Amino acid sequence: MASITARRVLVVAGLGAGSGTGASAARVFSKAGYSVALVARGADTVNNLAQELNSAGGDAAPFPVKAYSPNDIRNVWMSIRAKYVAPTYSIDAAVFNIGQGVWKPFLEVTPEDIRTSLELNVEAAFAFSREAILTFKENKISEDKGKRGTLIFTGATASLRGNTTTSAFAAGKSGLRALSQSLAKEFGKDNIHVAHAIIDGGILTERLSSYRPEIANNPDARLSPNSIAESYLYLVNQDRSSWTWELDLRPAHEKCPNSLLQKRLASFICHYGSMDWHVDLTIGLVPLKAGVVLPTFYICQAFTDTHSRLLVTRPSRFSELLSIDITISQRSASVFRMVSSFSRFSIYNIEHRR
């Protein structure tokens, strides 16, 4: 009797609204022949995506959870293992796409913000990883790839470095990255592949389209969730002779033009020490919606705090120019670094004089 070839199963947790990385991973793996276990908070997203995949000829099952607590994650993995039983199935791929973003100035971060970030980015990752690895350890080493399973974590720019409003988010994401590296070291000897993907840029989702249309409509400036998912499938298909632990994904034009401003201001401050310089800046702001520029308040507040004179003009409903005549000193350097970190800015002009 011919041996039965087990159908491979992907477990993906974190689907957002159904248009991002998690949902795209489900679609790409389903087309590649995987059965897909869909895990997310709330029933609507998982049910709708499961119906979509099944209607396209795939095999997907919804596993909604009330929360991403360790108990909820443990229970949902028990349900998944009960449905996908060997030797008919082999659960050998898992994607942890759960995350929680907190973007606030440090002094505005609350204890609840910190708890939420660590619970979803770190504690939930520990619980998910434990169940995935225990499941993988029951698998035989595959003959073609030489592995028992692949566990992939979705990271972010904040996994590597913090910024002016990412203290809570970066703490969670860097913790997730450290966890993935530790697991890769510990379980590689068991032929379990652990990988971490840094997603360095905006992902084309429904939210990005409404929030930042100028990025969403520029294929050079944002990441396609489908392309991210294809990279995840590539990781799963790597054989044991060449495993990637960390993959850095970014769009072609990911570098923010504000780095030029930051470098020039830093150069002034470092070179002239505590000497004051007068700087004229013209900064273009791209509105979130026509006629609305959300960051303006924060910029005005930041510069007003340094007793600067502000002149705001609006040449059109599509853009806004903020002209600033300000004195740069050692004391105000941090304000410039904070303000220039906003990705919505484009630097049109910078002039300086004694």
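Helices here are DSSP runs of H or I with at least four residues, and strands are runs of E with at least two, numbered from the N terminus. The model is predicted, so that local features need pLDDT of at least 70 and side-chain atom pairs count only at pLDDT 80 or more, while totals for chains, interfaces and linings use all residues. Residues are numbered from 1 along each chain as its sequence is written, and side-chain values use heavy atoms, with hydrogens and water left out.

Within α3, Ile73, Val76, Trp77 and Ile80 are buried, that is, under 20% relative accessible area, against over 50% for exposed and in between for partly exposed (1.4 Å probe, protein chains only). They cover an arc of only 105° around the axis, taken from the directions from the helix axis to the C-beta atoms, which puts them on the same side of α3. What covers these buried residues includes the strands β1 (7–13), β2 (35–41), β3 (59–65) and β4 (89–96), together with α4 (111–137).

Pro70 lies in α3, which comprises residues 70–83, and is partly exposed, with a relative accessible area of 30%. Leaving aside residues up to four places away in sequence, Pro70 touches Glu123 and Ala127, where contact means heavy atoms within 4.5 Å. Pro70 and Phe128 are 58 residues apart in sequence, yet their C-alpha atoms are 7.8 Å apart in space.
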